[in-house]
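Here is a set of questions and answers for a first look. Each answer sets a value against the rule behind the word.

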Amino acid sequence: MKGNFRASMAWLHTGLGLITGWVLFAIALSGTLSVFRQDISVWMRPELSATNISPIQASAHAVEWLTQNAPTSPAWYLNAPTQQEPFTLGVWSDPKGVYLQKALNPQTGSPDGIRQTFGGEFFYRFHFELQLPYPFGRLIAAIAALALVVGLISGVIIHRRIFADFFTFRPGKGQRSWLDAHNLLGVLALPFHLMISFTGAVTLGTLLLPWSTQAIYKHDLMASYTDLNPALNTRPPSGHPGHLAPILPILQDAERRIGEAGIAQIYIFNPTDQASVITITSGNTNTVSTTSHTLNFDGTNGYLLSEHVEKRPLIGAYTFLYGLHVARFAPGVTRWLYFVCGLMLTAVIGSGMRLWTIKRLRSNPHLGHILAERLNVGVLAGLPLAFASYFLANHILPARLPGRENHEIQCVFIIWALALIFALFRKSEAAWTELLAACALACLAIAAMGAPWRDSVSAATSVTAAFFAGSFAYAAINTYRKKRLSP
């Protein structure tokens, strides 16, 4: 710690950024992309047409298909189709106990003919799990989110010229330009940055502060889940075979009870047992908070078992903060604002990491500084290239390739690993230019793959990818020119 408060905050700001910067960059970039995860999922399933569909009819078709093709699964989890996602997303386990996630055709309820991909869900899950097993990925994300909150607050404290920084950017000045960009982008969307980092830490708060739950519930942590979610009225299987009642009348009854919010999710527990339960939850497109209205039906006769509307203030506060973070409520304009502000946060983190290495390489560089700079290239330029490869793999891999959804994700980490290795053994100035150019070409290929535009999603994806291609190309050209001009 330093001799005065502001200097101490500067030390804290730099230290937290150095320790968590690369993880935060990955979290921020994947979170920004996940704002449009439904649209990405549609783009990655070109076999589906965005026709008007009935969520109830489509869900009924999905249940009928699962009844015939997944009778041994202990539960079926369905996301009803929406205007953004014109398909039913189903999750169930196969006879070996392996859980499957597939898009189901709204007309037939079958996954046949639809390429299997995790779509935008990959970015959403990676954003808070980092593709690591539970709870390690979530714990790392929670610590990083808390570090970001502290980093933002300490950043506000150390900036004497915070309002002047709102209008200050001096291009072509090297380290000074990076600092201006870091300050400008940080100040420009500061309320969003504080909101998204704080709500992100809150949503994973039980991992950061698990002791109260452990003290109250001791070894029965499942009881805490039941208390938090009293509407989930599951029953253990009876061991006696049973048949589901006709699903369509149940869904129609649920829609009538839920009203304007509509049906969002359908869970069917013990589907081939006499103790089957059908749980239906409402949507939340008209409210910031997440689901609050839940209905439970007896699966064999269709009678309503219970109806729960969440009204507890503390739970309401939590779901409001969670809803702010995931932005499922957001209309188109608001989602674009989330996206742009998310890109700003990603750029703030990236420019901070770049600034740290530039400053040290100019003063007294040693092996650690050189290694950090090269890893910077592999993360800051390599990760966008890896994420772009996810889109490319989706359209390049054969549509009927077994396990193709996993191969798409494998492509991301293979490309990222190759980028990191390339950056480690290549001079950083050349690696910056070459990886940024690769990002530009990858984004250009994504834009071309969307042609001809069949709907607004493919058009928006192509235009956005073309914008990124231009931005990466500009950055690559600038970096190349600076390399040639440097002695």
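**Helices, cores and cysteines**

Q: What makes H1 a bent helix, and where does H1 bend?
A: H1 bends by about 65 degrees at Thr20. The bend at a residue is the angle between axes fitted to the seven residues ending there and the seven starting there. Helices here are DSSP runs (H or I, at least four residues), numbered from the N terminus.

Q: How far apart are the end C-alpha atoms of H1, against the reach of a straight helix?
A: H1 covers residues 5-34, which is 30 residues. The expected span is 1.5 Å times one less than the number of residues.

Q: What caps the N-terminal end of H1?
A: Asn4 does: a side-chain oxygen lies 3.2 Å from the backbone nitrogen of Arg6. A polar contact is a pair of N or O atoms within 3.5 Å; within protein, one must be able to donate a hydrogen and the other to accept it, and residues adjacent in sequence count only if both atoms are side-chain atoms.

Q: What kind of model is this, and how are its residues numbered?
A: This is a predicted model, in which local features need pLDDT of at least 70, side-chain atom pairs count only at pLDDT 80 or more, and totals for chains, interfaces and linings use all residues. Residues are numbered from 1 along each chain as its sequence is written, and side-chain values use heavy atoms, with hydrogens and water left out.

Q: Why does the span of H15 agree with its number of residues?
A: H15 (residues 382-396) has 15 residues, so at 1.5 Å a residue it should span 21 Å; its end C-alpha atoms are 20 Å apart, which agrees.

Q: What makes H15 mostly covered?
A: In H15, 13 of its 15 residues are buried. Buried means under 20% relative accessible area, exposed over 50%, partly exposed in between (1.4 Å probe, protein chains only).

Q: Why is Glu129 called buried?
A: Glu129 has 16% relative accessibility, so it counts as buried. Glu129 sits in helix H4 (residues 121-129).

Q: Why is Pro241 called exposed?
A: Pro241 reaches 67% relative accessibility, so it counts as exposed. Its place is the loop between helix H10 (221-228) and helix H11 (247-258). Leaving aside neighbours within four places in sequence, Pro241 is in contact (heavy atoms within 4.5 Å) with Thr272, Asp273 and Gln274.

Q: What makes a set of residues a nonpolar core?
A: The set holds buried Ala, Val, Leu, Ile, Met, Phe, Trp, Tyr and Cys residues joined through side-chain atoms within 4.5 Å. The largest here has 78 residues; Phe122, Phe123, Tyr338 and Phe387 have the most contacts inside it. Helix H17 (residues 428-449) gives the most to this core, with 10 residues. Apart from this core lies another, of 25 residues, among them Trp92 and Leu251.

Q: How many disulfides does the structure hold?
A: The structure holds 0 disulfides. A disulfide is a pair of cysteine sulfur atoms within 2.5 Å. For Cys411, the nearest cysteine sulfur, that of Cys439, is 16 Å away. For Cys443, the nearest is also that of Cys439, at 6.5 Å.

Q: Why do Cys411 and Cys443 fall into their accessibility classes?
A: Cys411 has 24% relative accessibility, so it counts as partly exposed. Cys443 has 8%, so Cys443 counts as buried.

Technical notes. Helices (H or I, at least four residues) and strands (E, at least two) are DSSP runs, numbered from the N terminus.
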